[in-house]
Amino acid sequence: MHRLKNLTRFTTTHHRFTTTPTLSSLHHFTTTTGSPSLSPAAGLGPTKKTEKPRVVVLGSGWAGCRLMKGIDTSLYDVVCVSPRNHMVFTPLLASTCVGTLEFRSVAEPIARIQPAISTEPGSYFFLANCQKVDTDNHEIHCQTISTDGLQTLDPMDFKVSYDKLVIASGAEASTFGIKGVKEHAIFLREVHHAQEIRRKLLLNLMLSDVPGVSDDEKRRLLHCVVVGGGPTGVEFSGELSDFIMKDVHKRYSHVKDYIHVTLIEANDILSSFDDRLRVYATKQLTKLNNNNQFVSNVCRIGVDDWLRVPSAPDVFAIGDCSGYLESTGKPTLPALAQVAEREGKYLAALLNNLGKAGGGHANGGGDMELGEAFVYKHLGSMATVGSYKALVDLRQSKEAKGVSIAGFASWFIWRSAYLTRVVSWRNRFYVAINWLTTFVFGRDISRI
């Protein structure tokens, strides 16, 4: 039996780059299935001058999807290579772990974000891993997935030539060198992570109700430990506390007194928020333990002021995988959805301008004026802490002055803001219906 104390989420400390990592060492992604008899030369070859240039996007996260949404498909063909065919609306992912929302409500298909991938003859989505980036020949080497559930598939290799390459592959979760994390803990980054957390939580609730289970074993099974006091960790703790108070107490009354949540953070929870809001959040959460410290260096791809990788022509990097070179004099931006989305929007506009000026093809636009450099302006932060309460901090930085509020009004603002930020009207409808259903009937506790 797995212990719920293995529910974890880790935070990181970011540092600036002084050098650019070798692009040939980058790994990411997964694929379409088909005949294993693909020829060695299978793939998409270079575009001709009479054809639309091709933008290849590695990744389907906030940065990559925002870029694909904004790219002008009358100027470019778009090819996306990613291990998942959807974007995850991460701000609401914690809500799916306890049944407040259903999983499909936070998953947006790539084809809905950029319909050209399904309709245009030169645009594609490949469910594949990018094994290598060949910057000399302007092509990437990809490999299809080798597993599909319980079935093992023969991987197939193919190449995709690019005119412009955008690396938006995100960053892998760090274990900080702690032994046993990958074997026993769960990161909260993907839909399948939330599904696993939900299954384990419900399994342990049911196992603890079996006759003959000792009180100590019940406490062990129902002790939930969340590592990381950032917005994700705090929001998951809040959702879990609501689930305990409103659903576990009603439907698992025999074990309701044995379950508790521990939130562990190296320093202060929600460190980027106003001090008053942090104190408020601490009071709202079940328990805070700050006896451990976790610090890690994060390796990122170095970019210049225009999000270009200087050592590789026609290659850009955005999102969590990128960071400013030290020569720019700018600090590395935090790994936030807000940052990734802004970078994707900016780069889409930059590539559109290049395409209109005739610089969309490979090695084109090198001498063209790129316009203003990317500048990130923080619009504020929000986090829910459970019990219909949330925090809203609208300051541009921790030192700046601005509006910061907490309580029910903040919770209403939090829900309204995220409902409007959900990508499609389809998923907005799903989210609204899920919230209403949960409010009226409670959370779904079926273990599927």
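The legends below describe close-up views of a predicted model.

In this predicted model, local features need pLDDT of at least 70 and side-chain atom pairs count only at pLDDT 80 or more, while totals for chains, interfaces and linings use all residues. Residues are numbered from 1 along each chain as its sequence is written, and side-chain values use heavy atoms, with hydrogens and water left out.

**View 1. Helices H11 and H12 cross in a right-handed sense.** Helices (H or I, at least four residues) and strands (E, at least two) are DSSP runs numbered from the N terminus. The axes of helix H11 (residues 408–421) and helix H12 (residues 425–441) come within 9 Å and cross at roughly 150 degrees, where axes are lines fitted to C-alpha atoms, for helices over the stretch in contact, and angles run from 0 to 180 degrees between N-to-C directions. This angle makes H11 roughly antiparallel to H12, a term used for angles over 145 degrees. Right-handed means that the near helix is turned clockwise from the far one by less than a right angle. Arg415, Leu419 and Thr420 of H11 meet Arg428, Val431, Ala432 and Trp435 of H12, contact being defined as heavy atoms within 4.5 Å. Sorted by class, this contact has 4 nonpolar, 1 polar and 2 charged residues; Ala, Val, Leu, Ile, Met, Phe, Trp, Tyr, Cys and Pro count as nonpolar, Asp, Glu, Lys and Arg as charged, and the others, Gly among them, as polar.

**View 2. Strands E19, E20 and E21 form an open antiparallel sheet.** The 3 strands follow the order E19-E20-E21, and two strands are said to pair if DSSP finds at least two bridges between them. Strand E19 (381–386) and strand E21 (404–407) are the edge strands, each pairing on one side only. E19 and strand E20 (residues 389–393) are paired over 5 bridges, and alanine 383 stands opposite leucine 391 in E20. Helix H11 lies across E19, E20 and E21 and runs at about 105 degrees to E21.

**View 3. Serine 387 lies in the loop between E19 and E20.** The phi of serine 387 is near 55 degrees, a positive value in a residue other than glycine. For comparison, most residues other than glycine have a negative phi. With 37% relative accessibility, serine 387 counts as partly exposed, the class between buried (under 20% relative accessible area) and exposed (over 50%), as judged with a 1.4 Å probe and protein chains only.

**View 4. Aspartate 314 is placed in the loop between strand E16 (301–303) and strand E17 (315–317).** Aspartate 314 also has a positive phi, of about 65 degrees, although it is not a glycine. Its relative accessible area is 12%, and aspartate 314 is therefore buried.

**View 5. Helices H6 and H8 pack through nonpolar residues.** The axes of helix H6 (residues 191–207) and helix H8 (residues 231–251) are 14 Å apart, at an angle of about 35 degrees. Ile197, Leu201, Leu202 and Leu205 of H6 touch Phe236, Leu240, Phe243 and Val248 of H8, which gives 8 nonpolar, no polar and no charged residues.

**View 6. Both faces of strand E4 are covered.** Because 6 of the 6 residues of E4 (residues 77–82) are buried, this strand is largely enclosed by the rest of the structure. Asp77, Val79 and Val81 lie on one side, and Val78, Cys80 and Ser82 on the other. Strand E3 (residues 54–58) runs parallel to E4 and is joined to it by 5 bridges, with valine 57 opposite cysteine 80.

Note on methods: Angles under 35 degrees count as roughly parallel, over 145 as roughly antiparallel, 65 to 115 as roughly perpendicular and the rest as oblique.
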